[in-house]
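Thanks for coming. I will talk about how two parts of one protein meet, so please have a look at the model first.

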Amino acid sequence: MTSVAMQENKENIQQSGVYISTYGCQMNVNDTDRMYALLEMVNFNPVNRPEDADLIIINSCSVREKPVHKVHSEVGRYKNLKKTNPKLKIGVGGCVGQQEKQRLLTDVPLLDFVFGTDAIDELPDIVEKAYKNDQKIVRARFEHQKPYQIQTLNSNPGVSTFVNITKGCDNFCTFCVVPFTRGRERSRATSELVKDIQTLVKRGVKEVTLLGQNVNSYKSECGTNFAQLLERLAQDTDIERIRYTTSHPKDFDQELCDVMQRNREKICEYIHLPVQSGNSEVLARMNRGYTRQHYLEKVQMIKDTIPGVSLSTDIIVGFPGETEEQFYDTLSLLDEVQYETLFAFKYSPRPFTKAAKFEDQLSEQEKSERLNQLFKKHDEISFALAKKYEGQNLKVLVEKYDEENQRVSGRSTQNKLVHFSGESDLIGKTVLVNITEAFPQTLRGKRVEA
Ligand code: 5AD
Ligand code: SF4
């Protein structure tokens, strides 16, 4: 939408409240920030409770959840609000909007509009039409032709914020709905990213997390790859810290490790490297493009190049046909790699995906048992790994102040959450903290005076 059209919208709509409920990954959280910022331009101010809103949006993820059920029950809760506030409009966006399109409007009569992942920037226009014409709207086309040109929009980016570098995914892992809900992979131009991050720096941002489904396959129109982009951002911007997520193991290479090591003052030594399974046959049926052996070789390359690197992963248990022995391979992989953080999920069949049609789907009980076993094993490993930080000095970027306990918290470069005594003036500063005690999820420390 042009700024003139935005301005016209602004004049048409009085100050109103908008409430967005968000489910899902960082990508979705980032999309919600963008929605709030776009809607603020047309006089919708964020409110904390649906009861105070004239506009409610459900931004829902469909990667692992049964989101349609969630949407049904959440909208059901707003039924009475529609009666008490006849102005109230309710919309559904994100992956679920993309996936369900018109069907959602037909099945959930209380809904006023549905929009997809490529229609977020049309939100002011969609909302205006919903109010003006009082008609139901669906906007869920993919913009396959247009280049991926956006500017990070976030009304309140804080100390640390997300910056999308790619959208979509072309990998088609057999369990994953993302290629269907977010479309083909597109990369933003390097020069735009440099500008975008400099603008964020001027607004006080100290740390950015570069976001994409598979950041390693970033490729700008000029041919810049992800390793080159990282180096350019580290050298040509004033951002203090750079993180990124998510990496695909098949595309993780020595060049990227070297760039991280060369620019270690800015690029955090934390890598999220989803493995999904520790068994090569399961990996082949998942269409992951690597074997257990290949994955372990990449991990070794990373550990050899980046001393002190901290690793995290995603694992799916109970993929169709996964045997006990194959699951044990996943357990033993935890021992070999020593992940500091684990995100693990029970396999859930997703629409359009190949694996949903595979035979030998496991029972919920089997999946739950394997998940518990996996978390139990990982808890022991991660606690032992956390203990090794005791006595070390870590660089912590302070993000929050807890007035009640007069302490602050922030993340170390290894992405560990650290608490220590301090005042609110430390927010936004990077300080050295000596770790005095490690807990399973967090570290406690004492500031080392400069
Ligand atoms: N079932 C369970 N977990 C899934 N993920 C993606 N699709 C599914 C699914 N169908 C998990 C993967 C991915 C993370 C974002 O979500 O582990 O890395
Ligand atoms: Fe999904 Fe695989 Fe793409 Fe990740 S790489 S978003 S798991 S299809």
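**Where domain 1 meets domain 2**

Between domain 1 and domain 2 there are 5 residue pairs in polar contact, both residues at pLDDT 80 or more; a polar contact is a pair of N or O atoms within 3.5 Å, where within protein one must be able to donate a hydrogen and the other to accept it, and residues adjacent in sequence count only if both atoms are side-chain atoms. On the domain 1 side, the elements giving two or more residues are α2 (26-40) and α5 (94-100), with helices being DSSP runs of H or I, at least four residues, numbered from the N terminus. The largest share, 5 residues, is from α2.

A word on the model. It is predicted, so local features need pLDDT of at least 70 and side-chain atom pairs pLDDT 80 or more, while totals for chains, interfaces and linings use all residues. Residues are numbered from 1 along each chain as written, chains are lettered from A and ligands numbered from 1 in written order, and side-chain values use heavy atoms, without hydrogens or water.

The domains, from an automatic or database assignment, are domain 1 (3-139), domain 2 (160-387) and domain 3 (390-447). The C-alpha centres of domain 1 and domain 2 are 30 Å apart.

Which side chains meet in a salt bridge? D118 and K167 do, at 2.9 Å, N to O. The count between domain 1 and domain 2 is 2 salt bridges, each a side-chain nitrogen of Lys or Arg within 4 Å of a carboxyl oxygen of Asp or Glu.
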